Every structure is written in C-alpha cells, then in structure tokens.
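Trainee: I have a new model open. Please show me how to read it, feature by feature.

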Amino acid sequence: MSDFHAFASDDEVLNIEGDALTISNGVTRIAVAGALQIGKDKRGLRAARALKQAVDAIVAALEREKSLPDEAQDEPPAASGSVDNPFV
C-alpha cells in the first residue's frame, strides 16, 4: 500500500479491498465511506493493516498540529440566504 498523507491534498483517495472502503483526503476533512469486512484470514489481515496505516497517518497529522480548532470550518463557507428558482 502506498503512503497516505493525511490532510495533504484534496485529490488523494485510498481504496481498501478494491473499493469496499474509500478514504478521501482533504485539507480540512477526510471522508471515510463504504463497508469493509475483515475476515479472520490473510486477506483480512492485509485489509486491517491498510486501515490501521491510514488511521495512524490521520492521527499523526492531527497530533502534529500545534493549535487545532474546536471544529474545522466548511470549505467553501456554507451559502447564506436564498436564490430565486429560475425555472418557475
């Protein structure tokens, strides 16, 4: 498995067990999607190690931050107000 550089870019995606579990990198958030079955076999061990490596990279990146905010800001900022529907 290649190294996962947590919070380094918006274009890195890590797939575990094909696309059973997808970890999408971002500079302010990381999204984890899917369902990963870890069997009690060599394949399951490989999957568990890949998941652990990704989570360890995320934790290490967060621990390196000197001043983490209580909550990351949305990017881009959430839209405010309303817009008229041009199709009505």
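Mentor: Two strands pair if DSSP finds at least two bridges between them. Strands (E, at least two residues) and helices (H or I, at least four) are DSSP runs, numbered from the N terminus. This is a predicted model, where local features need pLDDT of at least 70, side-chain atom pairs count only at pLDDT 80 or more, and totals for chains, interfaces and linings use all residues. Residues are numbered from 1 along each chain as its sequence is written, and side-chain values use heavy atoms, with hydrogens and water left out.

Trainee: What is the order of the strands in the sheet?

Mentor: The general idea: strands of a sheet pair through backbone hydrogen bonds, either parallel or antiparallel. Here, 3 strands form an open sheet in the order E1-E2-E3, and the pairing is antiparallel. Strands E1 (13-16) and E3 (31-34) are the edges, each pairing on one side only. From one strand to the next, the twist averages 15 degrees. Axes for such angles are lines fitted to C-alpha atoms, for helices over the stretch in contact; angles run from 0 to 180 degrees between N-to-C directions.

Trainee: How many bridges join E1 to E2?

Mentor: There are 4, and strand E2 covers residues 21-24. Take Val 13: Ser 24 in E2 stands opposite. Leu 14 has Ile 23 in E2 as its bridge partner.

Trainee: What links the paired strands?

Mentor: Hairpins. The one of E1 and E2 has 4 residues between the strands. The hairpin from E2 to E3 has 6 residues.

Trainee: Which residue in the hairpin of E1 and E2 takes a positive phi?

Mentor: Glu 17, with phi near 55 degrees. That is a positive value in a residue other than glycine. Glu 17 sits in the loop between E1 and E2.

Trainee: Why is Glu 17 called partly exposed?

Mentor: Apply the cut-offs: buried means under 20% relative accessible area, exposed means over 50%, and partly exposed lies in between (1.4 Å probe, protein chains only). Glu 17 is partly exposed because its relative accessible area is 28%. Phe 7, in the segment before E1, also has a positive phi, near 65 degrees. Phe 7 counts as partly exposed because its relative accessibility is 24%.

Trainee: What packs on the sheet?

Mentor: Contact means heavy atoms within 4.5 Å. Helix H1 (residues 42-64) packs on the sheet, touching E1 and E2. The direction of H1 makes about 155 degrees with that of E1. E1 has a covered face, Leu 14 and Ile 16, and an uncovered one, Val 13 and Asn 15.

Trainee: Which residues does Leu 51 touch?

Mentor: Leu 51 belongs to helix H1. Not counting residues up to four places away in sequence, Leu 51 touches Ile 16, Leu 21 and Leu 36. Leu 51 and Leu 14 are 37 residues apart in sequence, with 9.6 Å between their C-alpha atoms. Leu 51 counts as partly exposed because its relative accessibility is 26%.

Trainee: What about Ala 33: where is its place?

Mentor: Ala 33 is in strand E3. Leaving aside neighbours within four places in sequence, Ala 33 is in contact with Ala 20, Leu 21 and Thr 22. Ala 33 is partly exposed because its relative accessibility is 44%.

Trainee: How much space lies in the largest pocket?

Mentor: Rolling a probe the size of a water molecule over the atoms shows where empty space is left. On a 1 Å grid over the protein atoms alone, a pocket is an open set of points where a 1.4 Å probe fits, with protein on both sides within 12 Å along at least five of seven lines; lining residues have an atom within 4 Å of a point. Grid points are joined across faces, edges and corners, and a volume is the space filled by probe spheres set on the points. The largest pocket holds about 320 Å³. It is lined by 13 residues, and the closest to its centre are Phe 7, Val 27, Leu 62, Glu 65 and Leu 68.
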